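I opened my notebook to look around a structure that was new to me. Here is what I looked up, entry by entry.

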Amino acid sequence: MTNSNPDTLLIVFIAITSAAVLLQACVLLGMYLTLRKAVQMGKEQADEFRSKLTPVLDSSKELLGDAKNLVGTARHIIEQLEPKLDSAASEVAGMARDFHAQTIRLQASADEVAQKVRRQADRVDGMTTSVLNGVDKFGHFVNEAVNVPVRQVSGIMAAAKAVMETLRAPAPPRPRRPAPASDVNDEKDLFV
């Protein structure tokens, strides 16, 4: 490109710029068409929601009217029942007081029975402990009464067995007599 002249370069740059502007125009046209389509779909959905919500709003107005009537009727019934409810509440309060008093009496009776049961349990425990201690002492006595004679008999049997083994064993060889005294003197000479 050393031979290029400025006019050729200018034409190339103008062509590239034109292509870029044309491409940008196409992108803007595509965005416009997409946006127009989205707005149209939004209008359609809004109309659809409006057509669905209109009956709901109408029925909710009727429902609110019915609710007002229901509240009025409930208020009238409550006004009629209020004196009866007051008397019932006072009767329930009286029953609760009576029930509380009965509960206190029942608790006192239960505490008294529990205390008596505890005393009887302690008494039975004491008796059981003394019986078991007596049985334990008797067991030690029986154990000693049986073990002492058994040990004595075992000792006698062991002694008899030792005597019998001693009598049955062959006699041990007799020890040699010491050498005469002259031999002893010879041994002294050997000792240095």
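Which residues make a nonpolar surface patch of about 480 Å²? I found that Phe138, Phe141, Val142, Val146 and Val150 make it. A word of care before I go on: this is a predicted model.

**Entry: one member of the patch**
I picked valine 150 and looked up where it sits. Valine 150 lies in helix α1. I then asked how open it is, and its relative accessible area came out at 45%.

**Entry: the chain as a whole**
I counted 2 helices and 0 strands. Of the 192 residues in the chain, buried ones make up 1%. The chain exposes about 18,100 Å², and carbon and sulfur atoms supply 66% of that area.

Helix α1 runs over residues 6–168. I wanted to know how far it reaches. A straight helix of 163 residues would span 243 Å at 1.5 Å a residue, yet the end C-alpha atoms of α1 are only 148 Å apart.

Where does α1 kink? I found a kink of about 45° at leucine 81, shortly before proline 83.

I also checked the start of α1. There, a side-chain oxygen of asparagine 5 comes to within 2.9 Å of the backbone nitrogen of aspartate 7.

**Entry: salt bridges**
How many salt bridges does a search of the whole structure find? The search gives 3. I went through them in turn.

Aspartate 47 pairs with arginine 50, and their closest N and O atoms are 3.2 Å apart. Both residues lie in helix α1, 3 residues apart, which is about one turn of the helix.

Glutamate 48 and lysine 52 join their side chains in another salt bridge, at 3.3 Å from N to O. These two are 4 residues apart in helix α1, so about one helical turn separates them. Glutamate 48 has a relative accessible area of 40% and is partly exposed.

Further along, lysine 116 and glutamate 112 form a salt bridge at 3.5 Å, N to O. They too sit in helix α1, and because they are 4 residues apart, about one helical turn lies between them. Lysine 116 is partly exposed, with a relative accessible area of 43%. Glutamate 112 is also partly exposed, at 44% relative accessibility.

**Entry: a note on spacing**

Technical notes: Residues are numbered from 1 along each chain as its sequence is written. This is a predicted model: local features need pLDDT of at least 70, side-chain atom pairs count only at pLDDT 80 or more; totals for chains, interfaces and linings use all residues. Side-chain values use heavy atoms; hydrogens and water are left out. The expected span of a helix is 1.5 Å times one less than its number of residues. The bend at a residue is the angle between axes fitted to the seven residues ending there and the seven starting there. A polar contact is a pair of N or O atoms within 3.5 Å; within protein, one must be able to donate a hydrogen and the other to accept it, and residues adjacent in sequence count only if both atoms are side-chain atoms. A salt bridge is a side-chain nitrogen of Lys or Arg within 4 Å of a carboxyl oxygen of Asp or Glu. Buried means under 20% relative accessible area, exposed over 50%, partly exposed in between (1.4 Å probe, protein chains only). Accessible areas come from the Shrake-Rupley method with a 1.4 Å probe; for residues, only the protein chains shown count as cover. Patches are made of residues with over 30% relative accessible area and no salt bridge: like charges are joined within 9 Å, nonpolar side chains (Val, Leu, Ile, Met, Phe, Trp, Tyr) within 5 Å.
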